[in-house]
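This report covers the chain shown below, taking up selected loops, helix packing and overall dimensions in turn.

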Amino acid sequence: MHAPFLRTCLASLTLSLTNPAQAADTWPDRPVTLVVPFGAGGITDLTARTVAKQLQTELGKPVVVENKPGAGGNIAADIVARAKPDGYTLMVITNGMVAVNPLIHKQLNYDALKDFAYISMIASTPLALVVPVGSQIQDLPALITRARSRPDAVSYASSGQGTSIHQVFALMQQQTGASLMHVPYKSGAEASTALLSGVVDVTAVETVVVGPFIQSGKMRALGVTSGQRVPNLPEIPSARESLSADFDVGSISGLVAPAATPQDILDRLERAMQAVAQSDGMAQLYAQGSQPMPTGSQVFQERMRQEQTKWRLVFSAQPGK
């Protein structure tokens, strides 16, 4: 009586232990969902769709992009953190979601470092600080001088609290002592419209998409937010050149999965992302102004910890800015 019962229990235990490995061996056997925490048309969406196309080739199954915008990426993060950890739900996360949102939102339904498995960084996209072409502000030093002499009289539009545009101006104010009035919108497109409509004085636009605005004579770029000039806008000085400060800000994107995703699946995704980084699709994105980042989970996690330290200093010094 006891021996058959014991054998049955051992068989059940063995099956329960091997099922995860079997699932990893057959993954993926159906489409994978890639969640984008912002609306369509922005740099995170563009990056995600480029990655999805290339990742689909590497995995041999469709990778379907789903936009879940809202609350600076917090809505999407909450959904993915609680998704089934089976490798079929992934997300493109940004440094703002990891390092800034926890500082400016009193309550979050996710822990940025504990609730996700970090697979690989994708790209860092700097921004161009821009004013309307008819603005009297001709360069970054002039912007800073005006914002120092008339606190909060100079206004800037952002794509929302904690987003890369908000980060740019928060860091600038901390480093220069300037004071600008923050006017947050729901997207970068709305922020650009506010600038062109004369509602605000200045904003920032990703270098990947700002070119047509400059070429059409609608915007004038004061500087780019990377540590050096970017290849597609070689005539525009970096903020570091103009401000003589250690200024380097970009929207860093990376691929994550729910924390309990099997390691075999994460390893396969990490290898796939190494190939994605070398693809023609990503080369085109880099040529438009995004910058490649090191691949791999360990370097991704370490960079996000560095981002947390960096932005904790900035937003603790400038509450509400």
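Asp-152 sits in the loop that runs between α5 (140-149) and β5 (155-158). The model is a predicted one. Although Asp-152 is not a glycine, its phi is positive, at about 65 degrees. Its relative accessible area is 35%, so Asp-152 is classed as partly exposed.

Ala-71 is another non-glycine residue with a positive phi, here near 55 degrees. The loop that holds Ala-71 lies between β2 (63-67) and α3. With a relative accessibility of 45%, Ala-71 counts as partly exposed.

The peptide bond between Trp-27 and Pro-28 is cis, with omega at about -10 degrees. Pro-28 belongs to the loop between α1 (2-26) and β1 (32-36).

Trp-27 is also a contact of Asp-86, together with Arg-30 and Ile-265, when neighbours of Asp-86 within four places in sequence are left aside. Asp-86 itself is in the loop between α3 (74-81) and β3 (89-94). Asp-86 has a relative accessible area of 17%, under the 20% limit, and therefore counts as buried. Between the C-alpha atoms of Asp-86 and Phe-213 there is a separation of 43 Å, the two residues being 127 residues apart along the chain.

## Packing of α2 against α10

Helix α2 (residues 43-59) packs on helix α10 (residues 263-277) at an angle of about 120 degrees, and the two axes are 9 Å apart. This angle makes α2 oblique to α10. The crossing of the two helices, α2 and α10, is right-handed.

On the α2 side, the contact involves Val-51, Gln-54, Leu-55, Glu-58 and Leu-59. The residues they meet in α10 are Arg-268, Leu-269, Ala-272, Met-273, Ala-275 and Val-276. By type, the residues of this contact between α2 and α10 comprise eight nonpolar, one polar and two charged.

## Packing of α2 against α11

Helix α2 also packs with α11, with an angle of about 160 degrees and axes 9 Å apart. The angle is over 145 degrees, so α2 is roughly antiparallel to α11. From α2, the contact draws on Leu-46, Thr-47, Thr-50, Val-51 and Gln-54, while α11 contributes Gly-281, Met-282 and Leu-285. The residues of the contact of α2 with α11 divide into four nonpolar and four polar, with no charged ones.

Val-51 and Gln-54 of α2 are listed in the contact with α10 and again in the contact with α11.

## The buried side of α8

Which residues of helix α8 (residues 207-215) are buried? They are Thr-207, Val-208, Val-210 and Gly-211. These residues lie on the same side of α8, because the arc they cover around the axis is only 165 degrees.

The elements covering the buried residues of α8 include α2, β4 (116-132), β7 (203-206), β8 (219-224) and α11 (280-287). Just after α8, Gly-217 adopts a positive phi of about 80 degrees.

## The chain as a whole

The secondary structure of the protein chain consists of twelve helices and ten strands. Its C-alpha trace spans about 90 × 40 × 30 Å along the principal axes.

Of the 321 residues in the protein chain, 50% are buried. Among contacts in the protein chain with a separation of 6 or more, 78% are between residues 24 or more positions apart.

Methods. Residues numbered from 1 in each chain as written. Predicted model: local features only at pLDDT ≥ 70, side-chain atom pairs only at ≥ 80, totals over all residues. Heavy atoms only, no water. Axes fitted to C-alpha atoms, helices over the stretch in contact; angles between N-to-C directions. Helix = DSSP H or I, 4+ residues; strand = E, 2+ residues; numbered from the N terminus. Parallel < 35°, antiparallel > 145°, perpendicular 65-115°, else oblique. Left-handed = near helix turned anticlockwise from the far one by under 90°. Contact = heavy atoms within 4.5 Å. Nonpolar A, V, L, I, M, F, W, Y, C, P; charged D, E, K, R; others polar. Buried < 20%, exposed > 50% of the residue type's maximum accessible area, 1.4 Å probe, protein only. Arc of directions from axis to C-beta.
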